[in-house]
Amino acid sequence: MYVNFGGFVPISTVDWRGRAACTVFLRGCPARCFYCHNVAIQDGEDLRDADEIIAMIRESRTVAGAVVFSGGEPTLQGPALAHLAAAARNMGFSVGLHTNGIFPRVIEKLLEEHLVDMISLDIKTTWERYDELLELTAADAVKRSLAACKRAKADGSLETFQAVVTLFRGREEDLPAIAQDTRGLDLVLQQGVAAGFVPLTRQELEAAAAPLGRRVRIRTREDGEVVYDPEQ
């Protein structure tokens, strides 16, 4: 089996909160979010034998107890992702996934086969604006992925789940609807950074979060990740 390879980080402390993980990037993504920070691996081809990627993961075992699959969009390569996740699981790794959710069947399969312990799902905007932002038909697919993750988290088959919102100035009004759709789940507000935009500060993100009346995590370049709790 071949994998369209995007890169490898042998040790990361930021891709899975509280865990030391190696990170495998899989190349390719059909979405075209204007703020993507991995544009270099949206397209192109670097085919590697899956055994080569598995060897990279194995070599990280002395320092990493988990592997995170990211991209690009890793679920674009569903069979390869499942193969790599199963191999990592057999080596004793916990398995994490960063995904935009546009291939729900792949996520459902990973959950059904108990091949993933953590999912970080990007929620880009309100459902009404989704297809315009990604430049493809995606809203219904992401809704399905979110529903699958909710079920798995509720029945205990998914250990860790977080919904991640990258928030840009002027889109603060998106938050109440997203918060409603993700109620009961961990919610992360991530500072949107892109050319031509003045990023929201931590204080501004806290102000946007305040009306939600719920605990959220806030990520900025300046302060890293902090917890905002309106009751504290």
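Biologist: Hi! Which way does H3 pass H5, in a left-handed or a right-handed crossing?

Modeller: Hello! In this predicted model, H3 passes H5 in a left-handed crossing.

Biologist: Okay, so what are the angle and the axis distance for H3 and H5?

Modeller: Helix H3 covers residues 104–112 and helix H5 covers residues 139–155. They pack at an angle of about 15°, and their axes are 9 Å apart. Angles under 35 degrees count as roughly parallel, so H3 is roughly parallel to H5.

Biologist: Which residues make that contact?

Modeller: From H3 you have Pro104, Arg105, Ile107, Glu108 and Leu111. From H5 come Ala141, Arg144, Ser145, Ala148, Cys149, Arg151 and Ala152.

Biologist: And how many of them are nonpolar, polar or charged?

Modeller: By class, the contact of H3 with H5 has seven nonpolar residues, one polar residue and four charged ones.

Biologist: Let's move to H1 and H2. At roughly what angle do they cross?

Modeller: Roughly 35°. H1 is residues 50–59, H2 is residues 78–90, and their axes come within 10 Å. H1 passes H2 in a right-handed crossing.

Biologist: Who touches whom there?

Modeller: On the H1 side, the contact is made by Ala50, Ile53 and Ile54. On the H2 side, His83, Leu84 and Ala87 take part.

Biologist: How many charged residues does the contact of H1 with H2 have?

Modeller: None: five residues are nonpolar and one is polar.

Biologist: New topic, the backbone. What do most residues and peptide bonds look like?

Modeller: Most residues other than glycine have a negative phi, and most peptide bonds are trans.

Biologist: Is the peptide bond from Gly71 to Gly72 cis or trans?

Modeller: That bond is cis, with omega near 20°. You can find Gly72 in the loop between strand E4 (66–71) and H2.

Biologist: And what about phi at His114?

Modeller: His114 has a positive phi of about 55°, although it is not a glycine. Look for His114 in the loop between H3 and strand E6 (118–122).

Biologist: Where does Glu135 lie, and what is its phi near?

Modeller: Glu135 lies in the loop between helix H4 (130–134) and H5. Its phi is near 65°, a positive value in a residue other than glycine.

Biologist: Last one: is Glu135 buried or exposed?

Modeller: Exposed means over 50% relative accessible area, and Glu135 has 60% relative accessibility, so Glu135 counts as exposed.

Conventions:
Residues numbered from 1 in each chain as written. Predicted model: local features only at pLDDT ≥ 70, side-chain atom pairs only at ≥ 80, totals over all residues. Heavy atoms only, no water. Axes fitted to C-alpha atoms, helices over the stretch in contact; angles between N-to-C directions. Helix = DSSP H or I, 4+ residues; strand = E, 2+ residues; numbered from the N terminus. Left-handed = near helix turned anticlockwise from the far one by under 90°. Contact = heavy atoms within 4.5 Å. Nonpolar A, V, L, I, M, F, W, Y, C, P; charged D, E, K, R; others polar. Parallel < 35°, antiparallel > 145°, perpendicular 65-115°, else oblique. Buried < 20%, exposed > 50% of the residue type's maximum accessible area, 1.4 Å probe, protein only.
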